[in-house]
Amino acid sequence: MVLAPDESARLTKAAVEEFRRKHGLDQPLAVQYLRYMQGLLRLDFGTSIRTSQPIAGEFAKRLPATMQLGAAGLLISVAIGVVVGVVAAVRRGSLLDRVIQPIAFLGVSIPSFWQGILLIMVFAILLRWLPPSGWGDGIFAEGGWRYLILPALTLGTGGAALLVRMVRTSMLDVLNQDFVRTARAKGVVERLVVYRHALRNAMIPVITLIGLRIGDLIGGSVIVETVFAWPGIGRYMIQAIGVRDFPVVQSVTLLLALSYVLANLAVDVAYAYFDPRIRFD
Amino acid sequence: MLLLGLVLVGGGAGLAAPAPGTPASGGVATMVWDTVWDYPDPQTSTMLSQGYINRLLSDSLTTLDAEGRVRPLLAERWRESADKLTYVLWLRKGVRFQDGAPFDANAVIFTYNRVAKHPIRRRPPDVIDTIRSMRAVDPYQLEIKIKSPDPRFLEKLADTTLVMVSPKAAGWMGQQFVYRPVGTGPFKFISWKSSEEMVLRRNDDYWQGKPYLEGFRIREIPSREVQALELEAGNAHVAIFVEAAPAQRLKQLGFSLDLSAGISHRSVAINNHRPPLDDIRIRRAMNYATNRKEYIDVNYLGLANPLITGIGQESWGYDAEIARTAYPFDRARAGALLDEAGWRLRPDGWRYNAEGRRLTIPMFWPNSPRRSVTKGEIFQAQMKAIGMEIPLQLVDRAIWSRNWEKEPYGDHFLTMDGRGTGSLHPAAHAELYHTKTFRNIHKHAIKEIDDVIDQGTRTFYERDAKIVYRRFQQLVVEHAFMVPIYNPGYVMAWSKCMKGDWVRDSSGAFIQFHKAWLQPGCK
């Protein structure tokens, strides 16, 4: 994989040997593994085969772009998902609920690369409101936020659709429970019943889903960053796969795994906030 | 349809008419493409599309015209010895690198040595390996001795990888030079952000005159669909590789397009060593059963040229007469050849031999990109129509190439053959099929073909060369050792705001950017 025949055929034997030596590939696999693990402890992810640049440096440059996109996507997911999900649950069976359901289904089903192109055609080409792709001078530069909207919408709406369905189901379950009926019987205002009592209790499965989405947002950014030419980690991964830059692929995979672990940890902590009965004993 | 396609894109092989209007100075042009740079160094970058950047940053000694013929650039003139082993080149005086250093014979020697020392070579810079010695006769006169005569030697010097770099800048920058190249070209390198963009600024002292454009911004956009949308939105002026579908749309919107379909070959490789493919009747049947138009229409919406004789239509060595009569799409003739070879059609739609064995020939095919897979599927369907069963085995590219590279005869029966010639010279096309090329993917052992290709490498005059390559094309048709399909089209698009002439070289077509300008107020 490291030197596929296409590439090795263009190199002299001495160049191949030099390449193997430079990247430590002349060592036994166990040694290579140990060296890699030692490097990880120092946050040294190795060197890109393609550019000869340290991978950690590339991460430092690209991670902010991915985090900004991921955060914006998550914000959109949660904002739309929770609000629309609650409305659909409270107005169960109404016309609004019947409209929301198929839209949510559609949102889950549409592939993000297609949705991205569609959004560009509408908002950048037809309406000319937003730039089609790119990052400008970063989102904190003047007008930079305009570059963020379309990719964040693309990344966020798929998750929002999932959340709508989950929040609706969870809320319906909670709204039928005795403590909600008691609250209503005691004359608590409906808004408080829904948002203070029901929603908080309905959030446990929703939080689990949001946790998974945090990981997905970083993984999912691979597609969205490619469509919108967003200079983040996802795009770095795709470029590396294309040229078999395996140290980069390996390191991004590790980073993705780490993001899932951290997201799950955050979810566990959040459980305790939403349901005080859950404690780490 | 093909002709219509060529007309649609503005003539295909010729020069576009100069755009009307008076050139205006100023403005930054934006170019979009999907290339991922490793770094912007003209010589050591492994990115093929780097050639477009190289033309902006620097110049080579020679250049090519629209027909692929050699023209002077930094070398004003040259003389070759009678034995074709020594070239004396007179270099242009008064040219300076962008750092102010003078361009001279020592700079050429430095540049070529730099290429020679780099372990990774792209064709045709292998020409550097054929150089025996270089000597500066005086600052503007260079003598190059080569190891063996090569009719393409001067053409190869036009390659975009062989553009000049400043020895002075390379000296003081050291390793950093690959990130900040300095050449003689119309635009200076300013900055590069990986995955984002490269910025170039006008070289006011350019030897061909101060460029009209103030600068160039080259954006990396991975999706070709989005590149076309950036053009539509007015945010970009030039797109280098436009897909067929967006190209049609852009044409309707008034963008200028150019099709360059001369430098790559796409074929189905046949392992001539393996039964039943060692039977020429089966190979010829496959050629007759191949509907090239279908490939071009499905994959390129008509924006490609059929490849029939092993030499592309845009090469001056192409013989239209041989191509016209060779293997027209004719399933009846294909069927008759298979009947004659003893493979009879049965009611189940497949062909069987006298022992009852079905005519099944597996095909190893790379699993990406999707367009390539489609090509395999079309071949499978077209062969099914004459009763040949072609199981398509899709594999990773690394596995695919190991399969057919295996010595001595490969493990394959049929497989994909996609290669670039990097040139319109017929020798570059023909040499792909020599048995000694690293990719004798067809595993043929036809001495006559090798002999005629070798003869071509010793033929210096175009008139004689045309006769040699006519014979080569006859042999390709006669032996049917492969199924040539098409030269894929590379479509370049530029907005109506971008004016200027374009020319074509070994890397395809490109605008002469030092003469290009942006129409003021145009959006």
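**Exercise 1. Which residues do ring pairs link into a cluster with Phe45(A)?**

Step 1. Start with the rule: rings of Phe, Tyr and Trp (its six-membered ring) pair if their centres lie within 6.5 Å. Planes under 30 degrees apart count as stacked, over 60 as edge-to-face and the rest as tilted.

Step 2. Ring pairs join Phe45(A) with Phe59(A) and Tyr236(A) in a cluster.

A note before you go on: this is a predicted model, where local features need pLDDT of at least 70, side-chain atom pairs count only at pLDDT 80 or more, and totals for chains, interfaces and linings use all residues. Residues are numbered from 1 along each chain as its sequence is written, chains are lettered from A and ligands numbered from 1 in the order in which they are written, and side-chain values use heavy atoms, leaving out hydrogens and water.

**Exercise 2. Where does Tyr236(A) sit: find the buried residues of α10(A).**

Step 1. Buried means under 20% relative accessible area, exposed over 50%, partly exposed in between (1.4 Å probe, protein chains only). Helices (H or I, at least four residues) and strands (E, at least two) are DSSP runs, numbered from the N terminus.

Step 2. The buried residues of α10(A) are Ile233(A), Gly234(A), Arg235(A), Tyr236(A), Met237(A), Gln239(A) and Ala240(A).

Step 3. With seven of its ten residues buried, helix α10 (residues 233-242) of chain A is largely enclosed by the rest of the structure.

Step 4. After α10(A) comes Arg244(A), with a positive phi near 55°.

**Exercise 3. How many aromatic pairs does the structure hold over all chains? Then examine two of them.**

Step 1. The count over all chains is 16 aromatic pairs.

Step 2. Tyr179(B) and Trp192(B) are stacked, because their ring centres are 6.4 Å apart and their planes lie at 10°.

Step 3. This pair links distant parts of the chain, 13 residues apart: Tyr179(B) is in the loop between α5 (167-173) and β8 (187-193) of chain B, and Trp192(B) is in strand β8 of chain B. Both Tyr179(B) and Trp192(B) are buried.

Step 4. Tyr433(B) and Phe472(B) are also stacked, at 6.4 Å centre to centre and 25° between the planes. Tyr433(B) lies in the loop between α14 (426-430) and α15 (447-456) of chain B and Phe472(B) in helix α16 (residues 462-479) of chain B, so the pair ties together parts that are 39 residues apart in sequence. Tyr433(B) and Phe472(B) are both buried.
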